[in-house]
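Work through the following exercises with the coordinates open, and try each task before reading its solution.

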Amino acid sequence: MPSLPRKLPRAMKLYICWGTFPSPRPGGHPCRNAYEALKKAGHDPELVKSYGWTLLSDAFNATSGRREAKRLTGKSTVPVLVTDDGEVVADSKNIVAWAEQHPAV
Ligand SMILES: N[C@@H](CCC(=O)N[C@@H](CS)C(=O)NCC(=O)O)C(=O)O
């Protein structure tokens with residue numbers, strides 16, 4: 001019986017707010033833009049929902065995802081990408097650029 005391929009843990013993580021839903025805000029929803037660009041480049045990041053709302057104080061942004069975003073970038077704003085090699089990319093525009101420059105092999 002051939003052994004089933006072990007599901008390799010996905011190392012790439014994308015910290016997002018509440019989801020990757022479309023948004024009417026100018027420029028669209030940053031978390032969605034980042035996710036779509038990564039998918040387009042052939043990546044399949046683990047999505048880490050971080051909830052919260054940076055307009056409120058850190059007390060309201062004490063979710064593990066927002067805390068991790070703050071630990072990694074100094075700000076609790078998302079999206080934040082952590083690549084397979086542990087590189088941290090903050091801001092959707094930088095994540096879109098990273099995805100374009102790093103198509104999944
Ligand atoms: N310029 C930033 C804006 C990021 C942004 O507004 N992120 C939202 C989530 S989509 C957020 O965390 N903002 C306030 C909040 O909900 O805490 C980007 O493009 O990544």
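**Exercise 1: Salt bridges**

Lys13 and Glu46 are joined through their side chains by a salt bridge with an N to O distance of 3.7 Å, where the term requires a side-chain nitrogen of Lys or Arg within 4 Å of a carboxyl oxygen of Asp or Glu. The model is a predicted one, in which local features need pLDDT of at least 70 and side-chain atom pairs count only at pLDDT 80 or more, whereas totals for chains, interfaces and linings use all residues. Residues are numbered from 1 along each chain as its sequence is written, and side-chain values use heavy atoms, with hydrogens and water left out.

Solution. Begin with the elements, where helices (H or I, at least four residues) and strands (E, at least two) are DSSP runs numbered from the N terminus. Lys13 belongs to strand S1 (residues 13-16) and Glu46 to strand S2 (residues 46-49), so that the pair, 33 residues apart, links distant parts of the chain. Next, take accessibility, for which buried means under 20% relative accessible area, exposed over 50% and partly exposed in between (1.4 Å probe, protein chains only): Lys13 is partly exposed at 28%, and Glu46 is partly exposed at 27%. Arg71 and Glu68 both lie in helix H2 (residues 64-73), three residues apart, about one turn of the helix, and Arg71 is exposed, with a relative accessible area of 60%.

**Exercise 2: Helix packing**

Task: describe how helix H1 (residues 30-40) packs with helix H3 (residues 92-101).

Solution. The axes, which are lines fitted to C-alpha atoms over the stretch in contact, with angles running from 0 to 180 degrees between N-to-C directions, lie 8 Å apart at an angle of about 5 degrees. H1 is therefore roughly parallel to H3, since angles under 35 degrees count as roughly parallel, over 145 as roughly antiparallel, 65 to 115 as roughly perpendicular and the rest as oblique.

**Exercise 3: Backbone geometry**

Solution. The bond from Val78 to Pro79 is cis, with omega near 5 degrees. Asp91, although not a glycine, has a positive phi of about 80 degrees.
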